[in-house]
Amino acid sequence: MPVDFETIRKDIAIKHNVLLGKDDPILVTVSLNEMVLSHYLDLLSEVYADHSRTLIHSFQAHNEQALIAATKTAEKVVTQATEHVTKEIKKAVQEAVSEAHAVALKQAASLNDDLKRQINDQVATGSETRTARNIAIVAAVVAVIATLFAVFLAMK
């Protein structure tokens with residue numbers, strides 16, 4: 001915003017009771033100060049813009065590096081978690097397989113015992129059947145002998 005010389009002349013007249021002409025050296029000094037300050041403000045604006053761009057690029061580079069580091073960390077965490085979960089699942093599966101194997105062995109032993117009992121029962125039943133058959137044969141022979149003996153006695 002440019003300097004308003006009329007406001008300056010009016011404020012000086014009211015405050016100090018001094019009238020300044022339009023070509024007063026003080027106003028020339030004010031104009032010179034305004035030009036110099038404007039020039040330095042422009043230079044400062046350029047420097048500020050350069051530093052801002054540099055800072056933004058630095059922040060972007062830092063953010064990219066931080067993102068890469070965070071991604072690597074996340075990958076490590078996910079990999080470690082996956083390995084841990086895999087290990088725990090394998091452990092649980094092995095325990096379940098061991099338990100199932102133990103149950104299967106117990107069931108097989110029980111079935112084996114039942115089968116042995118059934119075989120023994122069948123063997124015993126077979127022995128009883130042979131014994132009964134032999135007894136029946138002996139009884140039949142005795143009956144035949146008794147019948148022959150009775151016929152022999154009756155013929156006499």
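Predicted model: local features only at pLDDT ≥ 70, side-chain atom pairs only at ≥ 80, totals over all residues.
Local features need pLDDT of at least 70, side-chain atom pairs count only at pLDDT 80 or more, and totals for chains, interfaces and linings use all residues. Residues are numbered from 1 along each chain as its sequence is written, and side-chain values use heavy atoms, with hydrogens and water left out.

A search of the whole structure gave 3 salt bridges. A salt bridge here is a side-chain nitrogen of Lys or Arg within 4 Å of a carboxyl oxygen of Asp or Glu. Helices are DSSP runs (H or I, at least four residues), as are strands (E, at least two), and they are numbered from the N terminus.

Glutamate 6 counts as partly exposed because its relative accessibility is 43%.

Helix α2 spans residues 25–155. Within helix α2, arginine 53 and aspartate 50 lie 3 residues apart, about one turn of the helix. Their side chains form a salt bridge at 2.3 Å, N to O. Arginine 53 has a relative accessible area of 44% and is therefore partly exposed. Aspartate 50, at 41%, is partly exposed.

Arginine 117 and aspartate 114 also pair through their side chains, in a salt bridge of 2.6 Å, N to O. Both belong to helix α2; because they are 3 residues apart, the separation is about one helical turn. Arginine 117 shows 47% relative accessibility and so counts as partly exposed. For aspartate 114 the value is 30%, which means partly exposed.

The surface also carries a nonpolar patch. Leu32, Met35, Val36, Tyr40 and Leu43 form this patch, with about 490 Å² of accessible area together. Patches are made of residues with over 30% relative accessible area and no salt bridge; like charges are joined within 9 Å, and nonpolar side chains (Val, Leu, Ile, Met, Phe, Trp, Tyr) within 5 Å. Accessible areas come from the Shrake-Rupley method with a 1.4 Å probe, and for residues only the protein chains shown count as cover. Valine 36 lies in helix α2. Valine 36 is partly exposed because its relative accessibility is 39%.

Technical notes. Buried < 20%, exposed > 50% of the residue type's maximum accessible area, 1.4 Å probe, protein only.
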